[in-house]
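Have the model open beside you, try each task, and then follow the solution.

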Amino acid sequence: MKELTYDTVIAGCGVGGLFTALHLPREQRVLMISKEDVESCNSMLAQGGICVLLNDADYDDYFEDTMRAGHYENRKESVDIMLRSSRSVINQLLDWGVDFARNSDGSLAYTREGAHSRPRICFHEDTTGKEITTKLRQAVEKLPNVEIREYTTMKDILVENGVCTGMVAETKEGEELRIHARDTVMATGGIGGNYEHSTNFRCLTGDALDISKKHGIALEHLDYVQIHPTVLYSEKPGRRFLISESTRGEGAVLLNSKGERFVNELLPRDVVAQAIFDEMEKEGSKHVWLSFAAIPEEEIRTHFPNILATCLEEGYDITKEPIPVVPAQHYFMGGVHVDSNSQTTMEHLYAVGETSCNGVHGKNRLASNSLLESMVFAERAANHIAKG
């Protein structure tokens, strides 16, 4: 057993954890741990993009889009905070070198996804999460006050008189670390590793939920699990490859075995996923088809190069033929209950990103709100920690 002492310890190296570290005071000594290597986080997998409030006139529509997708079970205060903070997050990402797509005049280009009333999503090809996460990690790695330890798993929290005082972690070699810290941040991602069919990395198994339950820390909406309508159908074991909703936003359509459309592809995810399940049951099939025929080939090659390349590896050329798709577990709207500063019901313990439930998403997440929500409330956690 090894005893370590830091000012703040963060479990998780996705955008939630990274954004927290970047906003903590530079005089703090900060430790970040990652269960696997730092790239094995769901933030790296986000394809579609990150939402932004276009202008004041867009507020009511964006707010309503988020609420409608969440079946009006969203926490309105949290939605308001996210929308009003969105432009600041985008500007910070640009300052850190994130290469969002731009129009010919140099302005940011916006794409649209399901349940959005208009295009308001910044993107980098079809690998937005990788672009953002990589640039944030590079920024964190330049900070002399932040240490990152890979292959180190959060096993428990340290508690004294009902207050969190750090965490217990275990290294790949089996060494136990007792990490003492004034503030602790759980950013361990979602629960997809517990599902047979999921777009998530297998290491994301809801560790923070088990730890919170053990210590009587409030959890919220554990049954609110989002099924993504379109992943590439495969009978191989392991993580499923996501086909971004932005493909449907740009014109891709869903077809049954007869080549017939059977749903409005831009309805909320849960509605589209249910329509696919119903069509599969009606036909007795294992998947439906997604056709890219309406998208110009040049647009496919520039906006969706990763999807094109991955499908080619699986034997499908999306510029010439439809691909088989099926719904799969994708995102967890529930989690560790937090307030608007990402503080849990235990003092000095915070949760950010998919680990937390601040109520933004309600019962069903609006496409491309996850990266934004993670960073908005990670920054608020860091600011609250800094105030002491």
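## Exercise 1: Histidine 215

This is a predicted model. In it, histidine 215 counts as partly exposed, with a relative accessibility of 27%.

**Task.** Find where histidine 215 sits along the chain and which residues it is in contact with, leaving aside neighbours within four places in sequence.

**Solution.** 
- Step 1: Locate the residue. Histidine 215 belongs to the loop between helix 5 (207–214) and strand 9 (219–220).
- Step 2: List the partners. Leaving aside neighbours within four places in sequence, histidine 215 is in contact with Asp156, Ile157, Val159 and Met346.
- Step 3: Check one pair. Histidine 215 and aspartate 156 are 59 residues apart along the chain, and their C-alpha atoms are separated by 9.4 Å.

## Exercise 2: The whole chain

**Task.** Describe the protein chain: how many helices and strands are there, and what does the radius of gyration agree with?

**Solution.** 
- Step 1: Count the elements. The protein chain has 10 helices and 16 strands.
- Step 2: Compare with a globule. A compact globule of 388 residues would have a radius of gyration near 21 Å, and the 21 Å of the protein chain agrees with this.
- Step 3: Box it in. Along the principal axes, the C-alpha atoms fill a box of roughly 65 × 45 × 35 Å.
- Step 4: Look at burial and surface. Of the 388 residues, 60% count as buried. The accessible surface comes to about 15,500 Å², and 46% of that belongs to carbon and sulfur atoms.
- Step 5: Look at the contacts. Among those with a separation of 6 or more, 69% join residues 24 or more positions apart.

## Exercise 3: Helix 1 against helix 4

**Task.** Describe how helix 1 and helix 4 pack, and say which residues meet.

**Solution.** 
- Step 1: Two packed helices are described by the angle between their axes and the distance between the axes.
- Step 2: Read them off. Helix 1 (residues 15–23) and helix 4 (residues 128–141) pack at about 35°, and their axes are 10 Å apart.
- Step 3: The crossing of helix 1 with helix 4 is left-handed.
- Step 4: Name the residues. Helix 1 brings Val15, Leu18, Phe19, Ala21 and Leu22, which meet Ile132, Thr133, Leu136, Arg137, Ala139 and Val140 of helix 4.
- Step 5: Sort them. The residues of this contact divide into nine nonpolar, one polar and one charged.

## Exercise 4: Loop residues around these helices

**Solution.** 
- Step 1: Buried means under 20%, so cysteine 41 at 10% counts as buried. Beyond four places in sequence, cysteine 41 is in contact with Cys13, Gly14, Thr133 and Phe201.
- Step 2: Serine 43 is buried, at 13%. Not counting residues up to four places away, serine 43 touches Gly14, Val15, Gly129, Lys130 and Thr133.
- Step 3: Leucine 143 counts as buried at 11%, and its contacts beyond four places in sequence are Ala21, Leu22 and Arg26.

## Exercise 5: Proline 327

**Task.** Where is proline 327 placed, and which residues does proline 327 touch?

**Solution.** 
- Step 1: Proline 327 is in strand 13 (residues 323–332) and is buried, with a relative accessible area of 7%.
- Step 2: Proline 327 and threonine 230 are 97 residues apart in sequence, yet 5.2 Å apart in space, C-alpha to C-alpha.
- Step 3: Not counting residues up to four places away, proline 327 touches Ile227, His228, Pro229, Val231, Ala273, Ile276, Phe277 and Met280.

Definitions and conventions: Residues numbered from 1 in each chain as written. Predicted model: local features only at pLDDT ≥ 70, side-chain atom pairs only at ≥ 80, totals over all residues. Heavy atoms only, no water. Axes fitted to C-alpha atoms, helices over the stretch in contact; angles between N-to-C directions. Helix = DSSP H or I, 4+ residues; strand = E, 2+ residues; numbered from the N terminus. Left-handed = near helix turned anticlockwise from the far one by under 90°. Contact = heavy atoms within 4.5 Å. Nonpolar A, V, L, I, M, F, W, Y, C, P; charged D, E, K, R; others polar. Rg over C-alpha atoms; globule rule 2.2 N^0.38 Å. Buried < 20%, exposed > 50% of the residue type's maximum accessible area, 1.4 Å probe, protein only. Areas by Shrake-Rupley, 256 points an atom, 1.4 Å probe, with all protein chains shown as cover.
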